[in-house]
Amino acid sequence: VEKVVLVDDENHVQGTAPKRTVHDENTELHRGISVYVFDDDGRLLLQQRSDRKTTWPGFWSNSCCGHPGLDETVLAAARRRCEEELDLTLTRLTVALPEYQYEFEHNGVVEREICPVLVAQPKSEFNPNPEEVQATDWMAWSDVTSLSDTTTYTPWFLDEVELLQEAETFTTWFEEVT
């Protein structure tokens with residue numbers, strides 16, 4: 001049973017809970033991660049979340065999301081989740097937004113996370129897990145930054161894109177890889 005790490009507003013561990021129990025109207029704050037994978041041309045790998053997912057099924061979002069384990073770093077969690085969701089190995093993995101926190105609701109499902117945002121490049125080809133990912137697409141970052149449709153894209157993705165544009169860590173990283 002996959003567990004998530006429950007935390008307080010300062011990200012201090014409060015315990016763990018089974019993942020299946022933490023995405024409802026009583027969602028407790030927990031740790032998450034969001035990963036953005038860019039190719040050498042500056043295109044972002046987008047994924048359409050599987051219709052089998054509890055949270056935002058069928059929505060398009062960033063390359064990969066997940067939850068770190070109790071004693072797992074965000075870097076290790078990002079690597080693990082990209083392998084599980086996309087069968088993808090990462091390189092140049094960097095934390096771009098270390099303290100991002102959000103709460104969003106859709107059809108009674110609530111996400112409430114302290115969710116560092118990481119950027120990376122692919123070190124391997126990928127092969128999405130159909131339990132996790134319905135489709136993928138590469139999109140130019142300039143096109144990504146103009147997205148706004150909350151009926152198509154996850155709200156955290158649209159929010160994170162805005163914050164990434166303002167983050168010096170991301171801007172510097174992006175200029176180096178493209």
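The structure is a predicted model, in which local features need pLDDT of at least 70 and side-chain atom pairs count only at pLDDT 80 or more, while totals for chains, interfaces and linings use all residues. Residues are numbered from 1 along each chain as its sequence is written, and side-chain values use heavy atoms, with hydrogens and water left out.

**View 1. The open sheet of four strands.** The strands follow the order E7-E4-E11-E8, with mixed pairing, where strands are DSSP runs of E with at least two residues and helices are runs of H or I with at least four, numbered from the N terminus, and where two strands pair if DSSP finds at least two bridges between them. Strand E7 (64–66) and E8 are at the edges, each with a single partner strand, so one side of each has no neighbour in the sheet. From one strand to the next, the twist averages 25°.

**View 2. The pairing of E4 with E11.** Strand E4 (residues 33–37) pairs with E11 in the parallel sense, over four bridges, and valine 35 stands opposite leucine 118 in E11.

**View 3. Two helices across the sheet.** H3 lies across E4, E7, E8 and E11 and runs at about 65° to E4, whereas H4 lies across E8 and E11 and runs at about 155° to E8; axes are lines fitted to C-alpha atoms, for helices over the stretch in contact (heavy atoms within 4.5 Å), and angles run from 0 to 180 degrees between N-to-C directions.

**View 4. The largest nonpolar core.** Such a core is a set of buried Ala, Val, Leu, Ile, Met, Phe, Trp, Tyr and Cys residues joined through side-chain atoms within 4.5 Å. Of its 30 residues, Tyr36, Phe38, Trp141, Phe157 and Phe170 touch the most other members, and H3 gives the most to this core, with five residues.

Definitions and conventions
Buried means under 20% relative accessible area, exposed over 50%, partly exposed in between (1.4 Å probe, protein chains only).
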